[in-house]
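Q: Could you take me through one spot in this model up close, and then carry on from there to whatever else is worth a look? Keep it chatty, please.

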Amino acid sequence: MELLGYILQQCINGLQLGAVYALIALGYTMVYGVLRLINFAHGDIFMLGAFIAYYLISRFSLPIYVVFALTMLCTALAGYIIEKVAYKPLRNAPRISLLITAVGVSLFLEYFLSLKSVFTPNYIAFPRPFEVEAFDVFLFTVTNVQLIIFAITGTSLGLLYLLVYKTKKGTAMRAVSYDQEIASLMGINIDATISLTFIVGAALAGVGGILYGIAYPQINVFMGIMPGIKSFIAAVLGGIGIIHGAVLGGFIIGMSEVFVSAFLSSTFRDGVIFVILFLVLLLKPTGIFGKRIDKV
Amino acid sequence: MKFFWEARKVILLSALVYLVVKSVFYFGFVSQYIEQITLYALIVILTSLGLNVIYGYTGQFSLGHAAFYGIGAYVSAYLTKVFGIENVFAYIPVLFVSGAAAGLAGYLIGIPILRLRDDFLAIATLGFGTFVRVILDNSDKLSEVLGGSRGFVGIPRLTTFELAFMVAIFLILVTRNLIFSRYGLFWRCIKSDELASASIGINTFSMKLMAFTYGCFLAGVGGALYANLYTFLHPSNFDILKSIDFLIIVIVGGMGSITGTIYAGLIWVGFIEGLRIVLPAEIVDLRWVFIPLLLIGLMMWKPYGLITKSRR
Amino acid sequence: MKKTLCICLVLLISLFCTGFSFAKDVVKIGLITPLTGDVKTFGESTKNAFNIALEEYAKTGKYKIVPIIADDRNDPTEGANAALKLISQDKVLAIVGPLTSKVAIPVSEIANSNKTPMISGTATSPKVTFSDGKRKPYVFRACYIDPFQGTIGANFAIKQLKVKTAAVLYDVGNDYSKGLAEYFKATFAKGGGNVVAYESYQKDDVDFSALITKVGMKKPEVIYVPDYYNKVALIAKQIREKGLKSALIGGDGWDSPELIKIAGNSIVGGSFTNHYSPDRKDPIADAFIKKYKEKFGNVPDALGALGYDSTVMLLKVLDNVKRPTQEEIMKALTTVKNFKGVTGRISFDKNGDAIKSAVILKVEKDGFKYLTTINP
């Protein structure tokens, strides 16, 4: 019985982590869908979200709803700017150049924000705007933090689905991800659609950043690297370019990480993720939900 | 012998360079510090050359190059320390064994992942790189002397200027010959258009694997020289940031250009160290803000690298 | 061809420029510390402390000190390069630093083989001063080594806290954390205790829920968390959130005003081994803390204080030797006894490691309170 409780508890832990990964993975998968680009800087947008939220909470003591809204706005703007400045000029360049530029943007964000004059290289305590309460449910414990994470993630996903599947703009995004040329022939404004994709992805990453800061209240400019890589793997796992794939992938990766720590050793946490990646790439590179045949 | 005759121009030039640099060192015109970073530059050039073969010539985007560099370093460190190698001549086979170990690792990893498309290959190599780093961090569980996250100490210092220089020149020549052989031709074909290359009968997979293995071999040799130069290894030295360093050199130098890599390697090491000398401590932080900016700018201005034969 | 010439010219010129050296009669002291990279904060505080020490020296000291500060990025290669540059190019007389063991070990090799005295304030791996069965005569450190701290922690748990079960959580990628954990485990077991869980995490981990749940199952009476304050704060919070009541113990990495700020109530009641106690009336420490706060706005952390002590010690020795040569300084350092530093009274043992008392501090709501002293 105790073992069952233990397992269920670890499940909850895994879902918490997975939710954050899912949010970040969405941004990766959407951008990849429209641009075939692995946006290395995405993990840093996530980091930016956490920092902006920290700044807003600690300097201005704004209520949490306002913080969410403002942070999403800021990260969305950041995503937009990055796309316009760094990626758009290279749209016809070889894909590798885009990748390298993404790496450059990522490094720049990290090191620029680590300057004392901007933010700080330190680890900062993320001010949690409320006290933690734990509720004992059946055999395990859930905290209000976890409930909030689930609620917000769920809401964000719901809104995203509405956008992508029920609106014209969303259809445009899906069309561009299938075939950019034909989509433009159909009268879709490619630039605007791509910008929208970046904006939405960045906003979601921003939300992820805030939730992460609330759950693990310590932020640092390099915090986006590993979650970024893991979220990307999650997106690949679920099927890159496919939205529900990213969500499923995020939860799978989160759960795997937690279960490996729980039953093996925390040291292998990251190692297992990569083993999963290799397996996916070898067995089904298009991912769990992937249908598209890979070009050579 | 034909090998040496064909390369006579290069050999003569390198002999000249050697004499000049050696006399500068010998007569103490520059400090030990400069000597060390020159050696480091040679190592970096060699390793980046490996990445150039993999990426610049064959078009395979690898973000895990530092892992192979690390494998070569640790193998060499282990062998030289455990077998107590003091003699430079005894060291040379160790160098090649280390390179072979890295090459073997490249071969084994290459078989499954080289089938992937470039961006997936990038992630797979990134994954492998992190994986190797995790192993290195826990290496003390394998063997106490490897040190794990404490680092590997007490490696015999065997890398001398002569050794590094000659090994570098030799391998550069070998690489050059490979490039000009039909293998190099196949590699460049694959880079241009893999599908077309396959359709004219090139065994793209085995050619890609060959390029990858050879590139990893070079990285392994570079790593070995590094280990026996700095006499201390730490897993954090072999992470993605290091891989990115090599990538930057290959890109800046121009993919598909050996001389480009040489210049870029020198410029890169010189730049990093030069900034250390030039900038006062307060703004030395800014190095790492400017470098990515430069990288982005470079990509926009010359997406194919600084020094490159004009193409398309 | 032109391009080649240009490049050659640039390289030659830069090579030439770096060959210059000062011709004044001054003493150059080098500082190697991580000003960029993941432990930037500690590097900064060390640099600040170093500068304060130099300022104070300039008022009464014998020589004009020219500081040469190098950034090692917490990377061994960078550190080694920086050390070589400081020694062979800038010709420093002595070096303070590096901060972490992984950088200090290669630098200590270089410093020692070039007969340049080196004092690290904070590198705790035994291998810095003593490696491969050989002592490096020119290398010293102002802090005690991991074995000492881990052992004290365990003894404190067994004798003072009187507990029988303990869990250990340590950072596998941090030799300091690992070192303390290992010695704690060994000593605790030797003292009759049972280490019920010995779990490692990685440097970048922030989610400890899985680990804590795992450890919680074993119901340890204490949990030993020998890591830096930022990690400890995070872990402590999560431990309390999961409802674990175990007492928390740690090492000198806890010493920072930020610890209580970040961890809040979750760390209150914990205890840790440290170099000095802020509330023991100590004029030297108070003066330093005050000065640091005035200049830099926040209270210095333990690493900064150690950097300060290393520098002051070096400068004091410099003033006391007949001639400012490296050999004299090295010899003088070996004779340092009961140097009154901010971090306690320091003497060097035969390995150049500091013999200092350790104190156990308890974490209370408003600060650290002195509990007891452990003498070596």
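A: A:Phe251 touches A:Leu15, A:Gly18, A:Ala19 and A:Ala22, leaving aside residues up to four places away in sequence (contact means heavy atoms within 4.5 Å). This is a predicted model, where local features need pLDDT of at least 70 and side-chain atom pairs pLDDT 80 or more, while totals for chains, interfaces and linings use all residues. Residues are numbered from 1 along each chain as written, chains are lettered from A and ligands numbered from 1 in written order, and side-chain values use heavy atoms, without hydrogens or water.

A:Phe251 sits in helix 10 of chain A, residues 243-263 (helices are DSSP runs of H or I with at least four residues, strands runs of E with at least two, numbered from the N terminus). With 21% relative accessibility, A:Phe251 counts as partly exposed (buried is under 20%, exposed over 50%, partly exposed in between, using a 1.4 Å probe and protein chains only). A:Val34 is 217 residues away from A:Phe251 in sequence and 23 Å away in space, C-alpha to C-alpha.

Chain A also has a neighbour: 41 of its residues are in contact with 37 residues of chain B. Together the two bury about 3,600 Å², 81% of it on carbon and sulfur atoms (that is accessible area, 1.4 Å probe, lost on being put together and summed over both parts). On the chain B side, B:Arg117, B:Phe120 and B:Ile123 lose the most area to chain A, together 18% of what that side buries. Helices 5, 6, 9, 11 and 13 of chain B each supply at least two residues to the side touching chain A, and helix 6 gives the most, with eleven.

Now for chain C. C:Lys237, in helix 8 (residues 229-241), touches A:Arg128 and A:Pro217, along with C:Ile262, C:Ala263 and C:Ser266, again not counting residues up to four places away in sequence. C:Lys237 is buried but has no salt bridge, and the nearest side chain of opposite charge, C:Glu241, is 6.1 Å away (Lys and Arg count as positive, Asp and Glu as negative; His and chain ends are left out).

Elsewhere, C:Glu56 and C:Lys291 do pair up in a salt bridge, 2.4 Å from N to O. C:Glu56 is in helix 2 and C:Lys291 in helix 10 of chain C, 235 residues apart. C:Asp90 and C:Lys85 form another at 3.1 Å, and both are buried.

Notes:
Salt bridge = Lys/Arg side-chain N within 4 Å of Asp/Glu carboxyl O.
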